[in-house]
Amino acid sequence: MKRYDLIIIGAGPSGLSAAIEAAKRGMKVIVFDENARPGGQLFKQIHKFFGSKEHKAKIRGFVIGRQLLGEAEKAGVEVRLSATVIGLYPDKEVVVREILEPEEGTAGETSAKEAVFHYKGDAIIVATGASENMVTFDGWTLPGVMGAGAAQTLMNLHGVRPGRKVLMLGSGNVGLVVSFQLLQAGCEVVALVDAAPRIGGYGVHAAKVARTGVPFYLSHTIKKAEGTDHVTGVTIAQVDSRFQFIEGTEKHFDVDTICVAVGLSPMSQLLKMAGCEMDNSGKGGGQIPVVDESGATSVPGIYAVGDVAGIEEASSAMIEGRMAGIRVAEYLGFDDKAGADTAFDQNEKALEGLRQGMFAPGNRGKKIEKTEEGIPVSENLLTHGFVADDEIERYPGVTHKAGVHPVMECTQNIPCNPCQDACPKHCISIGSNITSLPVVLKDSACIDCGMCVSSCPGQAIFLVNEDAGPGKATVTLPYEFLPLPEEGDEGYGLGRDGSRVCDAKVVRVRSSGAFDHTALVTIEVPAEYAMKARFFVKA
Amino acid sequence: MRQDRNRDLGPFVPREGDERIICRCEEVTQGEIRRAVHDGMYTMAEIRRYLRCGMGLCQGQTCSRLVAGIVARELGIKPAELAPASSRSPMRPIEMKVWADEETDDSKVRRA
Amino acid sequence: MRTADVVICGAGVIGCAAAYYLAKKGKSVIVLDRDNSIGNGGSSRNGGGVRQSGRDPRELPLAMYGIQHLWPTLSDELGVDVEYHQDGNLRLGKNERHRKILEGLTERAVKCGLDVRMIEGDEVRRINPYLSDEVVCASWCPTDGHANPLKTVLGFYRAARKLGAQFITGESVLELKKEKGRLRYVITDADTYCTEKVIVACGYESRAILQTVGIDVPMTKDLIEALVTEAEPPMFPQMLGTADADFYGHQTNHGSFVFGGSAGYDAQNLDFGHLATQSNNAPAICRAILRWVPKLADAKIVRTWSGYEDLSADKVPVISNIDEVPGLIAACGFTGHGFGISPIVGVLLSQLACDEEPVLDLSALRYDRFRSAV
């Protein structure tokens with residue numbers, strides 16, 4: 001039987017990260033993945049990631065995926081694709097279904113021959129990720145009802161638009177991010193709906209959807225999907241505090257697609273099959289293995305990392321993967337304790353950094369009333385997806401100044417700081433606490449370079465010139481839709497709520513490699529809309 | 001967990017959504033699941049064996065959470081108190097001609 | 001302390017069937033099982049055969065009685081479709097050695113009055129055109145069949161429970177206790193039960209429970225495996241087996257095929273504390289299927305499982321009053337073929353527990369038949 005020092009199941013962010021750390025320490029590592037492409041969910045993440053430099057902040061997910069693959073290749077990791085693990089058996093034996101090279105003279109055969117192979121590892125890391133949850137309503141099995149992740153796969157991996165008119169259920173980060181991506185793909189998102197009374201994901205993700213005009217319906221959920229052989233419409237209704245429908249609150253939308261983003265469940269079956277002690281309390285999003293901080297399960301030599309060990313973000317999954325890779329190398333004598341401890345601690349610190357702020361695992365489900373700075377959280381943001389005009393001025397990133405200056409509509413404490421590094425003039429500061437709200441430093445001189453605008457993964461930074469000629473103001477906004485507007489285009493400035501607030505004219509469009517596909521569109525608006533217009537649509 | 005199977009769950013009362021399919025692979029409805037609980041099927045394993053829900057091609061990946069929610073509600077307990085049904089290979093359905101073919105020389109595997 | 005006319009240790013198909021027939025007689029019954037689920041042992045893990053052919057003459061009358069009197073009406077009786085089919089059993093052979101085995105089995109069964117005969121390969125394939133051309137002979141018993149073990153055990157449970165039988169799961173029986181020469185108490189990890197009669201039907205675990213009152217039934221256990229495919233269009237309704245009894249299977253109502261077989265290490269397999277399957281068994285079963293039913297090559301397997309069978313020293317069950325311990329009845333050592341006779345065993349146990357004359361002679365299945373061979 002073929003034997004490896006380490007077998008990793010799943011070539012997603014955590015699996016690849018673990019493989020890299022283990023292989024760097026001299027281990028013979030193989031990674032199996034059932035998909036034809038590596039990277040797990042990373043390659044469909046076309047948005048920029050949050051965090052700081054060490055978390056690969058402001059880099060788009062698929063680029064991080066490419067970087068990881070390069071790193072893995074360099075470290076000598078063997079990645080086997082279209083390799084489905086059938087079972088994880090006693091003695092750390094992995095049975096894998098793989099495709100064989102066609103034998104000579106069989107080139108004309110239509111289907112490739114497949115067979116199963118048995119491998120043993122001195123250690124196994126299970127990094128199989130998660131699958132999407134579903135909710136049921138009348139018509140939920142109609143074609144056209146799909147997971148938001150499935151819609152994302154269609155769009156971003158296969159170039160297929162999932163539908164034309166879409167209703168999104170779920171306001172967590174997945175629901176928000178995919179809604180934005182549906183808009184990018186040219187779909188109309190008719191509504192973003194959540195049974196919860198407050199938006200679950202990052203406010204900045206919600207705000208960039210809201211400003212395009214997508215309405216949010218909190219305390220609402222789907223009553224039924226309509227259609228006979230596919231979705232033709234959907235009815236939602238308001239729910240009370242016990243999630244019961246309130247009579248007479250029904251709203252109908254004509255749609256051909258309903259996306260469901262109601263959380264993920266760990267795909268932990270292999271761990272269970274291997275006899276690992278499991279935790280069914282639901283705290284990790286479903287059944288998860290009991291693990292220590294290095295991902296070690298109750299079965300010596302079997303580890304679990306990433307979503308399979310508890311649902312989190314890709315950024316933390318990558319660090320968890322590295323931590324497990326380091327400890328596995330130590331466990332099998334490829335690294336000494338001191339070396340492993342140093343590397344482990346460094347990653348642990350990075351992980352702690354990501355688990356700070358309002359959305360930290362410990363705050364799940366809690367309503368946070370005030371920011372760390374003591375500023376009341378925008379109620380409108382939580383219930384409608386955008387900060388109201390009369391709320392925005394309370395945040396430290398929103399200041400007034402002569403000339404062009406950044407306006408940072410960053411209103412929640414999330415672990416993210418690319419903006420402070422992006423500004424070549426050091427106008428922006430977050431400080432040592434990564435979750436602090438950004439502030440504009442006094443006496444700093446903005447040169448209108450736009451680096452802060454494009455660096456913000458939340459698309460929450462605008463460059464505003466409140467006095468751009470008589471009665472005029474300019475607003476430079478991040479723009480990730482095609483086709484790009486052109487200089488001279490006339491249209492409307494949209495408010496944070498997506499409503500048309502004023503006439504607007506495009507005066508400048510910038511896109512450069514440094515902006516990494518976030519174009520900067522500068523619009524000219526009446527001066528009184530300098531702090532109100534946040535998006536542009538052509539007339 | 002010790003369980004006395006004769007506690008009174010009250011009469012079976014039809015509820016909105018009972019016609020709704022919960023397990024898509026095996027086409028099991030909410031009403032069938034609720035009825036099974038009243039018939040004494042108190043564990044996920046029993047529900048599965050009695051109705052086949054979660055025994056189809058997806059092996060319960062989609063419905064087990066939904067089924068657990070329905071069963072727990074009927075029993076008046078939290079879903080977390082229901083032990084999930086066991087996990088067994090194959091993790092993905094596999095043609096028997098493929099599983100029967102145990103190769104030893106993995107140099108013949110197609111590399112990406 | 002709770003009391004009942006009869007306490008049954010083991011909520012498998014035997015215990016549940018006994019509970020049902022006892023409850024039907026108006027007895028108060030408590031059924032205890034250490035597992036959290038009803039029928040979680042061999043009862044939910046077997047291949048569903050309802051066979052007479054291939055059985056030892058000592059238990060053949062039970063199988064025949066069940067098929068003549070109980071199985072045909074069981075679904076109606078229990079109010080649950082147990083998916084009983086009486087479409088025959090083909091025990092297949094590929095060579096002369098197989099033929100000899102099959103002829104021996106057939107001859108013995110015919111002597112007991114069973115309608116079973118040897119047929120040649122062509123006739124085998126007329127009955128079942130999906131079988132391999134390599135099949136040269138078979139024993140054919142047209143009155144054999146199969147049923148759904150999951151529905152059967154849960155059906156007996158459901159019906160017994162409806163009649164008032166009490167079921168308690170997740171509670172382990174630790175000890176049986178006599179009072180004034182009669183068995184009186186069942187002591188568990190949670191309670192003590194006072195009763196007139198105790199039926200022990202816990203598979204291999206029966207041995208340890210019986211030992212608490214000084215009774216030993218010589219048994220071992222094998223860890224064996226089976227698998228199930230996705231649903232296929234209806235292909236054949238017969239139960240299949242082989243001369244070497246190393247492979248068996250049938251197509252269920254649902255369309256899926258259930259097959260059992262082995263890589264050959266049943267006695268050595270370890271369960272690793274969680275009924276682990278072995279990596280070599282499923283491929284071995286797949287190869288066996290391909291050899292006997294080659295047309296299933298593309299059928300997908302969706303699940304495998306393992307389970308213990310309790311092997312008695314002579315491969316025939318113990319169904320017996322324990323004379324030395326009045327009030328104690330044992331039903332164990334079914335050796336992998338208990339499911340098909342479970343309804344009649346339930347009836348017989350209910351009769352023993354009510355001190356009635358059993359409908360069939362059980363003297364060949366006594367607990368004290370295991371004597372020194374030399």
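This is a predicted model: local features need pLDDT of at least 70, side-chain atom pairs count only at pLDDT 80 or more; totals for chains, interfaces and linings use all residues.
Let us begin with a detail in chain A: strand β13 is joined to strand β14 (residues 251-253) by 3 bridges, and the two strands run antiparallel. Within that pairing, A:I236 has A:K251 of β14(A) as its bridge partner.

What do β12(A) and β13(A) form? They form a hairpin, with 6 residues between the two strands. In the turn, A:G227 has a positive phi of about 135°.

I turn now to a parallel sheet of chain A. Five strands, in the order β8-β15-β9-β10-β11, form this open sheet, and the pairing is parallel. Which strands lie at the edges? They are β8 (145-147) and β11 (216-218) of chain A, and each of them pairs on one side only. On average, neighbouring strands of this sheet are turned by 20° against each other, direction ignored.

A:G147 has A:V260 as its bridge partner in β15(A). Helix α3 (residues 148-156) of chain A packs on the sheet, where it touches β8, β9 (165-169) and β15 of chain A. The direction of α3(A) makes about 85° with that of β8(A). Helix α4 (residues 173-184) of chain A packs on the sheet as well, touching β9, β10 (188-194) and β15 of chain A. Its direction makes about 170° with that of β10(A).

Is α4(A) mostly covered or mostly exposed? It is mostly covered, with 9 of its 12 residues buried. Among the buried residues are A:V174, A:L176, A:F180 and A:L182. The buried residues of α4(A) pack against α3, β9, β10, α5 (203-210) and β15 of chain A. After the helix comes A:G186, whose phi is positive, near 95°.

Chain A holds a further sheet, with antiparallel pairing. Its 7 strands form an open sheet in the order β20-β23-β24-β27-β26-β25-β28. Strands β20 (404-408) and β28 (535-538) of chain A stand at the edges with a single partner strand each, so one side of each is left without a neighbour in the sheet. From one strand to the next, the twist averages 35°. Inside this order, strand β24 (residues 472-479) of chain A is joined to strand β27 (residues 519-526) of chain A by 8 bridges, and the two run antiparallel. A:V475 stands opposite A:I523 of β27(A).

Next, a pair of helices. Two packed helices are described by the angle between their axes and the distance between the axes. For helix α1 (residues 13-24) and helix α7 (residues 314-331) of chain A, the axes come within 7 Å and cross at roughly 35°. The crossing of α1(A) past α7(A) is right-handed. In this contact, residues of α1(A) including A:L16 and A:I20 meet residues of α7(A) including A:M318 and A:V328. By class, the residues of the contact divide into 13 nonpolar, 5 polar and 3 charged.

Finally, the contacts between chains. How many residues does each chain bring to the contact of chain C with chain B? Chain C gives 36 residues and chain B gives 29. On the chain C side, α6 (149-162), β8 (166-169), α8 (281-292) and β16 (300-312) each supply at least two residues. That side has 18 nonpolar, 10 polar and 8 charged residues. Strand pairing also links these chains: 2 bridges join strand β4 (residues 94-95) of chain B to β16(C), and the strands run antiparallel. B:I94 stands opposite C:I301 in β16(C).

The contact between chain A and chain C takes 8 residues from chain A and 7 residues from chain C. On the side of chain A that touches chain C, β4 (84-89), β5 (93-99) and β6 (114-126) of chain A each supply at least two residues. By class, that side has 4 nonpolar, 3 polar and 1 charged residues.

Note on methods
Residues are numbered from 1 along each chain as its sequence is written. Chains are lettered from A and ligands numbered from 1 in the order in which they are written. Two residues are in contact if their C-beta atoms, placed from the backbone, lie within 7 Å. Helices (H or I, at least four residues) and strands (E, at least two) are DSSP runs, numbered from the N terminus. Ala, Val, Leu, Ile, Met, Phe, Trp, Tyr, Cys and Pro count as nonpolar, Asp, Glu, Lys and Arg as charged, and the others, Gly among them, as polar. Axes are lines fitted to C-alpha atoms, for helices over the stretch in contact, and angles run from 0 to 180 degrees between N-to-C directions. A crossing is left-handed if the near helix is turned anticlockwise from the far one by less than a right angle, and right-handed if clockwise. Two strands pair if DSSP finds at least two bridges between them. A residue is buried if 20 or more other C-beta atoms lie within 10 Å of its own, exposed if 12 or fewer, and partly exposed in between; C-beta atoms are placed from the backbone.
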